[in-house]
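Have your viewer open while you read.

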Amino acid sequence: MEPILAKQSVDIKCRIQASVMMGNYEFYYAAGRLCAQTGQQPDQPLQPLELSTFLQPLLHRYEPKEESDAYLVKMLKEYEASDEYDEQMDTLFEMGLAAQ
């Protein structure tokens, strides 16, 4: 998987507000974006289910200022992370942190 494809997919979905996340690659990038926007991030890389648990309080506290950010939150709330994990997901998380 090319990380840039997951990044572009999430960015486009947030702009057009017409789709859902389709896997853990997109999930990790979106999670990084949310962490950047909230100023909160885990101390270490987390497995998908751990990251999902970490995000839950952020998703309920965060008040997005833009519609695209609100859609990002919507997609993250609806996504159910799977156990699949590889190092590219950490790269995508970092890309999400740097996206803002």
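First, some housekeeping. This is a predicted model, with local features needing pLDDT of at least 70 and side-chain atom pairs counting only at pLDDT 80 or more, while totals for chains, interfaces and linings use all residues. Numbering starts from 1 along each chain as its sequence is written, and side-chain values use heavy atoms, with hydrogens and water left out.

**The whole chain**

The protein chain has five helices and zero strands, in the order α-α-α-α-α along the sequence. The radius of gyration is 12 Å, close to the 13 Å that the globule rule gives for 100 residues, so the chain is as compact as a globular protein of that length. For the record, that radius is taken over C-alpha atoms, and the globule rule is 2.2 Å times the number of residues to the power 0.38. Helices here are DSSP runs (H or I, at least four residues) and strands are too (E, at least two), numbered from the N terminus.

Some chain-level values:

| Property | Value |
|---|---|
| C-alpha trace along the principal axes | about 30 × 25 × 25 Å |
| Buried share of the 100 residues | 44% |
| Accessible surface | about 5700 Å² |
| Carbon and sulfur share of that surface | 48% |

Buried means under 20% relative accessible area, exposed over 50%, and partly exposed in between (1.4 Å probe, protein chains only). The areas come from the Shrake-Rupley method with a 1.4 Å probe, and for residues only the protein chains shown count as cover. Of the contacts (heavy atoms within 4.5 Å) between residues at least 6 apart in sequence, 68% join residues at least 24 apart.

**Helix α4**

Helix α4 covers residues 67–78 and reaches 17 Å from its first C-alpha to its last, close to the 16 Å expected at 1.5 Å a residue; that expected span is 1.5 Å times one less than the number of residues. Its buried residues include Asp 69, Tyr 71 and Met 75. Among the elements covering them are α1 (3–16), α2 (24–38) and α3 (48–61).

**Two residues**

Where does Gly 32 sit? Gly 32 belongs to helix α2 and is buried at 0% relative accessibility. Beyond its neighbours within four places in sequence, Gly 32 contacts Phe 93, Gly 96 and Leu 97.

Gln 17 lies in the loop between α1 and α2 and is partly exposed, at 32% relative accessible area. Gln 17 has a positive phi of about 50° despite not being a glycine. Most residues other than glycine have a negative phi.
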